[in-house]
Amino acid sequence: RFKSSQIVFIALFTSVLALFVMVIVLIEIEDNPRDRNYQKLVKVIYDDVLAYKKAEGLDWLLVENTVSKGVKITFDASLFTEQSLFTSARAKLNPFFLPYINRLTSLIAHLDLANISEKHSSMVTKILQPNEQLLMTVRIEGHSDSTPLAATALYQNNIELSSFRAYSIMRMIMLYSKVPAENLSISGYGCFKPLVADTENPINRRVEIYIVPQIMPSNERFK
């Protein structure tokens, strides 16, 4: 089992590596018109999310325009001062947060992701090459704290637990946002990307949502 200090070191190393990758990506974007137009599209989606957040008074929602992973949407940590998003060792959402998830799914529905290519066709045509298509991905990433799971736990480890947490949120997005399954993906990172230095802090039990324009061959389905 990993000690908290080891997990913090891994998290810091991952953050530094991500920063390095971001710098490289920014340099490449400056030299590539296609990438510049791709980032313009991400910026349009980012601005749309911000406008909806402001109009609906969603001050508890954090929105970030990342370089390589699209638009990141998370909950403000202040929401978790008294209650956790998930119970320890469980993937079921705390009912207290259902209204927040419902507002989040309304935001995703508002984005009308299925029609992004049509709404921004002039920009999209500068991104796509022949035999390519743009599919909007809603990616849900699950996380856990570093509390070891009991031998009788439902899940084998925190990686599996965090994956099922992402899955539970994905199901709600499918139900309320009407996003097709082929436009959704999940991943679980366990306790290896903690939000705070104390890796056993329940605040680390969370999900992160990414809205990602994905370019893929036009003869393939989204995976």
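User: What makes Glu 56 partly exposed?
Analyst: Glu 56 has a relative accessible area of 38%. Buried means under 20%, exposed means over 50%, and partly exposed is what lies in between (1.4 Å probe, protein chains only). The 38% of Glu 56 falls in that middle range, so partly exposed it is. A word on the ground rules: this is a predicted model, where local features need pLDDT of at least 70 and side-chain atom pairs count only at pLDDT 80 or more, while totals for chains, interfaces and linings use all residues. Residues are numbered from 1 along each chain as its sequence is written, and side-chain values use heavy atoms, with hydrogens and water left out.

User: How do you know that Arg 103 and Glu 56 meet in a salt bridge?
Analyst: The rule asks for a side-chain nitrogen of Lys or Arg within 4 Å of a carboxyl oxygen of Asp or Glu. Here the N to O distance is 3.8 Å, so the pair passes. Arg 103 lies in helix α3 (residues 98-111) and Glu 56 in helix α2, so the bridge ties together parts that are 47 residues apart in sequence. Arg 103 is partly exposed too, at 32%. By this rule the count comes to eight salt bridges.

User: What makes α2 a helix, and where do Asp 47 and Lys 43 sit in it?
Analyst: Helices are DSSP runs of H or I with at least four residues, strands are runs of E with at least two, and both are numbered from the N terminus. Helix α2 covers residues 33-56. Asp 47 and Lys 43 both lie there, four residues apart, about one turn of the helix. An α-helix has 3.6 residues a turn, so residues three or four places apart point the same way. The two side chains meet in a salt bridge, with 2.9 Å from N to O. Asp 47 has 35% relative accessible area and Lys 43 has 39%, so both count as partly exposed.

User: Lys 69 and Glu 141 also form a salt bridge; which one is buried?
Analyst: Glu 141 is buried, since its relative accessible area is 1%. Lys 69, at 27%, counts as partly exposed. The two meet in a salt bridge of 2.8 Å, N to O. That pair links distant parts of the chain, 72 residues apart: Lys 69 is in the loop between β1 (61-65) and β2 (71-75), and Glu 141 is in strand β3 (residues 132-143). Together with Arg 139 they make a network of salt bridges.

User: How do you know that the charged end of Lys 69 sits over the ring of Tyr 210?
Analyst: The test is that NZ of Lys or CZ of Arg is within 6 Å of the ring centre and within 35 degrees of the ring normal. The charged end of Lys 69 sits 4.2 Å from the centre of the Tyr 210 ring. Lys 193 does likewise over the ring of Tyr 189, at 4.1 Å.

User: What makes a set of residues a nonpolar core, and how many residues has the largest?
Analyst: A nonpolar core is a set of buried Ala, Val, Leu, Ile, Met, Phe, Trp, Tyr and Cys residues joined through side-chain atoms within 4.5 Å. The largest has 47 residues, and Val 138, Ile 140, Ile 209 and Ile 211 have the most contacts inside it. Helix α2 gives the largest share, seven residues. Another core, of five residues, lies apart from it, with Ala 89 and Tyr 155 among them.

User: Why is the pair of Trp 60 and Tyr 100 called edge-to-face?
Analyst: Rings of Phe, Tyr and Trp (its six-membered ring) pair if their centres lie within 6.5 Å; planes under 30 degrees apart count as stacked, over 60 as edge-to-face and the rest as tilted. There are eight aromatic pairs by this rule. Trp 60 is buried, at 14%. Phe 80 and Phe 97, in contrast, have centres 5.4 Å apart and planes at 50°, so that pair is tilted.

User: What makes the span of α6 agree with expectation?
Analyst: The expected span is 1.5 Å times one less than the number of residues. For the 20 residues of α6 that gives 28 Å, and the end C-alpha atoms are 28 Å apart, which agrees.
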